[in-house]
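Here is a set of questions and answers about one protein chain. Have the sequence and the structure open while reading.

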Amino acid sequence: MDRFKEESPGPDYYPTHTTSRLIELIGYTMTISLSTSFGGRQILVPITTHETHPIALTIGPIKAEKLSREFGGLTLDVPSETSIIRQRRDKFITEKYHSSPDVSIAKLASEIGLSAKMVSKIINKTTDMVK
């Protein structure tokens with residue numbers, strides 16, 4: 001799944017609002033950093049940040065200030081790193097499958113390194129979410 005840790009295609013790529021908004025606000029790389037440190041947990045975003053706050057130490061003071069302006073005083077459910085990467089992988093698989101008649105489930109499975117059964121499940125699940 002490391003290939004899906006690279007720069008994101010953009011916030012509209014993700015089905016969850018929190019993930020999309022974080023990417024819009026602080027970028028894909030910093031969203032992954034935040035998720036690495038706080039993923040799967042709820043964090044109280046301070047109204048104002050300082051350089052030594054754990055969030056600022058994780059994503060930098062400028063991005064932390066943006067986060068505070070948007071979510072300050074609120075509890076934020078931070079998605080896990082695995083969840084973000086999986087969302088990206090699943091959407092990639094589905095879009096690639098539907099974009100070309102030449103792409104088979106077996107071919108995709110080989111390219112991604114998953115079983116054909118798993119790729120089929122991802123395509124069915126993601127396609128159902130879009131409908």
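Q: Where is the place of I55?
A: This is a predicted model, and its helices are numbered from the N terminus. By that numbering, the place of I55 is helix α3.

Q: Does I55 count as buried or exposed, and at what relative accessibility?
A: A residue is buried under 20% relative accessible area and exposed over 50%. I55 counts as buried because its relative accessibility is 3%.

Q: Which residues is I55 in contact with, leaving aside its neighbours within four places in sequence?
A: Contact means that heavy atoms lie within 4.5 Å. With neighbours within four places set aside, the contacts of I55 are L34, F38, I43, L44, P46, G60, A64 and L67.

Q: What separates the C-alpha atoms of I55 and S37?
A: Along the chain, I55 and S37 are 18 residues apart.

Q: Which residues touch the most other members of the largest nonpolar core?
A: The largest nonpolar core has 15 residues. Two or more of its residues come from each of α1, α2, α3 and α4. The residues that touch the most other members are L34, I55 and L67.

Q: Which residues does L34 touch, not counting residues up to four places away in sequence?
A: Residues up to four places away are left out of the count. What remains for L34 is L22, I26, G39, I55, T58, I59, L67 and V78.

Q: How many residues are in the second, separate core?
A: This core includes L108, A109, I122 and I123. Those are part of its membership, and the number of residues in this second core is eight.

Q: Why do the buried residues of α4 line one face of the helix, and within what arc do they fall?
A: Helix α4 covers residues 61-71, and its buried residues are A64, L67, S68 and F71. Seen down the axis of α4, these residues fall within a limited arc, so they line one face of the helix; the arc is 100 degrees.

Q: Which residues are exposed on the other side of α4?
A: The buried residues of α4 pack against α1, α2, α3 and β2. On the other side of α4, the exposed residues include I62 and R69.

Q: Which elements do the buried residues of α1 pack against?
A: The buried residues of α1 include T19, S20, L22, I23, L25 and I26. Just after α1 comes G27, with a positive phi of about 90 degrees. The elements that the buried residues of α1 pack against are α2, α3, α4, β2 and α5.

Q: How are α2 and α5 placed relative to each other?
A: The axes of α2 and α5 come within 8 Å and cross at roughly 140 degrees. Angles over 145 degrees count as roughly antiparallel, and 65 to 115 as roughly perpendicular. The two helices, α2 and α5, are therefore oblique.

Q: Which residues of α5 make the contact with α2?
A: From α2, the contact takes in Y28, T31, I32, S35 and T36. By class, the contact of α2 with α5 has four nonpolar, three polar and two charged residues. The residues on the α5 side are E81, I84, I85 and R88.

Q: How many helices and strands are there in the chain?
A: Along the sequence, the pattern is α-α-β-α-α-β-α-α-α. The count in the chain is seven helices and two strands.

How values were computed: Residues are numbered from 1 along each chain as its sequence is written. This is a predicted model: local features need pLDDT of at least 70, side-chain atom pairs count only at pLDDT 80 or more; totals for chains, interfaces and linings use all residues. Side-chain values use heavy atoms; hydrogens and water are left out. Buried means under 20% relative accessible area, exposed over 50%, partly exposed in between (1.4 Å probe, protein chains only). Helices (H or I, at least four residues) and strands (E, at least two) are DSSP runs, numbered from the N terminus. The arc is that of the directions from the helix axis to the C-beta atoms. Axes are lines fitted to C-alpha atoms, for helices over the stretch in contact, and angles run from 0 to 180 degrees between N-to-C directions. Angles under 35 degrees count as roughly parallel, over 145 as roughly antiparallel, 65 to 115 as roughly perpendicular and the rest as oblique. Ala, Val, Leu, Ile, Met, Phe, Trp, Tyr, Cys and Pro count as nonpolar, Asp, Glu, Lys and Arg as charged, and the others, Gly among them, as polar. A nonpolar core is a set of buried Ala, Val, Leu, Ile, Met, Phe, Trp, Tyr and Cys residues joined through side-chain atoms within 4.5 Å.
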